[in-house]
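Open the model in a viewer and keep the selection tool ready.

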Amino acid sequence: MELLQLRENEKTVLELSGDLWEGLGQGSGVFQITDQRCAFRYKTLLGAAKQNAVEFELSDVAQIKKCNIGPGFIKFIPTGIKVTLKDGKKHVFSVTKREKMMQALGGN
C-alpha cells in the first residue's frame, strides 16, 4: 500500500502492519518507511484511512528507543519504539518486527 507519494530517487525500505499509541490508547494501521520518510495510516472497517496520521522526515529524527507498551499505565509488551523528533514531538509505535523497523528508521 502506497502511503507516500514517492519523490524522485526515493525508495520504499519497509512496509508493515503495526500500532500507533497515543494517550492511553492504540490504533492499528500500516507503516511505510522509505529511505527519506516514515508514514503511518490507520486501518478502518472500510480499509485504510484516506490520510496519514503520522508522517515525518527521517532527517528530523533525534532519537529512537525501544520501549514497552500496554494499556493505561501497565506497560509490559516489549514491542514498542519511541521516536523523538528534533522539534520535541514523540511518537510511540508497536510492531512485531521491532529490530527491523528500528534499523529502517536509522536506529540500531
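## A buried charged pair

Select Glu10 and Arg37: both residues are buried. This is a predicted model.

## From Arg37 to Glu55

Arg37 is in strand 3 and Glu55 in strand 5, so the contact ties together parts that are 18 residues apart in sequence. Glu55, at 45% relative accessibility, is partly exposed. With Glu10 shown again, Glu10, Arg37 and Glu55 form one network of salt bridges that share partners.

## Glu57 and Arg7

Next, move to Glu57 and Arg7. Their side chains meet in a salt bridge, 2.4 Å from N to O. This pair links distant parts of the chain: Glu57 is in strand 5 (residues 54-57), Arg7 is in the segment before strand 1 (12-22), and the two are 50 residues apart. Glu57 is partly exposed at 24% relative accessibility, and Arg7 is partly exposed too, at 36%. A search of the whole structure gives 4 salt bridges.

## The nonpolar core

Clear the selection and pick Phe31, Phe56, Ile81, Val83, Phe93, Met101 and Leu105. Within the largest nonpolar core, which has 21 residues, these touch the most other members. Which elements supply at least two residues each? They include strand 1, strand 2 (25-34), strand 3 and strand 5, along with strand 6 (61-69), strand 7 (77-85) and helix 1 (98-105). Helix 1 gives the most, with 4 residues. In soluble globular proteins, nonpolar side chains tend to be buried together.

## Around Phe93

Leaving aside neighbours within four places in sequence, Phe93 is in contact with Asp19, Leu20 and Trp21, with Phe31, with Val54 and Phe56, with Thr79, Gly80, Ile81 and Val83, and with Met101. Of these contacts, Phe31, Phe56, Ile81, Val83 and Met101 were among the core residues selected at the previous stop.

Methods
Residues numbered from 1 in each chain as written. Predicted model: local features only at pLDDT ≥ 70, side-chain atom pairs only at ≥ 80, totals over all residues. Heavy atoms only, no water. Buried < 20%, exposed > 50% of the residue type's maximum accessible area, 1.4 Å probe, protein only. Core = buried A, V, L, I, M, F, W, Y, C linked by side-chain atoms within 4.5 Å. Contact = heavy atoms within 4.5 Å.
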